Amino acid sequence: MDEQGPAGGELSESPWERRCPDCAGTGTAAGAQWAEWDRSRDRLRRLRDEGEGTRVLGELAAWLLAEHEATRPATARRARCGRCGGVGTVPTEAGAALLAFLRRHRTD
Ligand SMILES: [Zn+2]
């Protein structure tokens, strides 16, 4: 995957962090309401397209799809990733140990 998230392309060599597995490094994830909405839309599209042999079923599915379009979630389609907080990476085991070390010995 060439998609680069907020962390850019340098993280492949980092021992401290790795690409976030939940958002694939983008820092955002589909909102839960959108995931369910998208699944229903895809089901209706398949029904509409497969129902073309049966005119009534095709028309019914097209009508249901139009109704479904009117029920789009009000929340943002993409929300900040809950796992990495939008950074696009998560600490490796070594990175987590380094963070703990820095917290223990911070001098500010
Ligand atoms: Zn993430």
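This report describes a helix pair and a zinc site in a predicted model.

**The helix pair**

Helix 1 spans residues 32-50, and helix 2 spans residues 55-69. Their axes come within 8 Å and cross at roughly 160°. Because angles over 145 degrees count as roughly antiparallel, helix 1 is roughly antiparallel to helix 2. The crossing of the two helices is left-handed.

| Helix | Residues in the contact |
|---|---|
| Helix 1 (residues 32-50) | Trp37, Ser40, Arg41, Leu44, Arg45, Leu47 and Arg48 |
| Helix 2 (residues 55-69) | Leu57, Gly58, Ala61, Ala62, Leu64, Leu65, His68 and Glu69 |

By class, this contact of helix 1 with helix 2 comprises eight nonpolar, three polar and four charged residues.

**The zinc site**

The zinc ion has Cys20, Cys23, Cys81 and Cys84 as its protein donors, each through its SG atom. These donors lie 2.3 to 2.4 Å from the zinc ion. Along the sequence, the donor residues follow the spacing C-x2-C-x57-C-x2-C.

The four donor atoms subtend angles of 105 to 115° around the zinc ion, and the arrangement is therefore tetrahedral. For reference, the ideal angle at a metal with four tetrahedral donors is 109.5 degrees.

Definitions and conventions: Residues numbered from 1 in each chain as written. Predicted model: local features only at pLDDT ≥ 70, side-chain atom pairs only at ≥ 80, totals over all residues. Heavy atoms only, no water. Axes fitted to C-alpha atoms, helices over the stretch in contact; angles between N-to-C directions. Helix = DSSP H or I, 4+ residues; strand = E, 2+ residues; numbered from the N terminus. Parallel < 35°, antiparallel > 145°, perpendicular 65-115°, else oblique. Left-handed = near helix turned anticlockwise from the far one by under 90°. Contact = heavy atoms within 4.5 Å. Nonpolar A, V, L, I, M, F, W, Y, C, P; charged D, E, K, R; others polar. Donors = N, O, S within 2.8 Å, 3.2 Å for Na, K, Ca; no water. Tetrahedral: all angles 85-135°; square planar, octahedral: opposite > 155°, others 65-115°.
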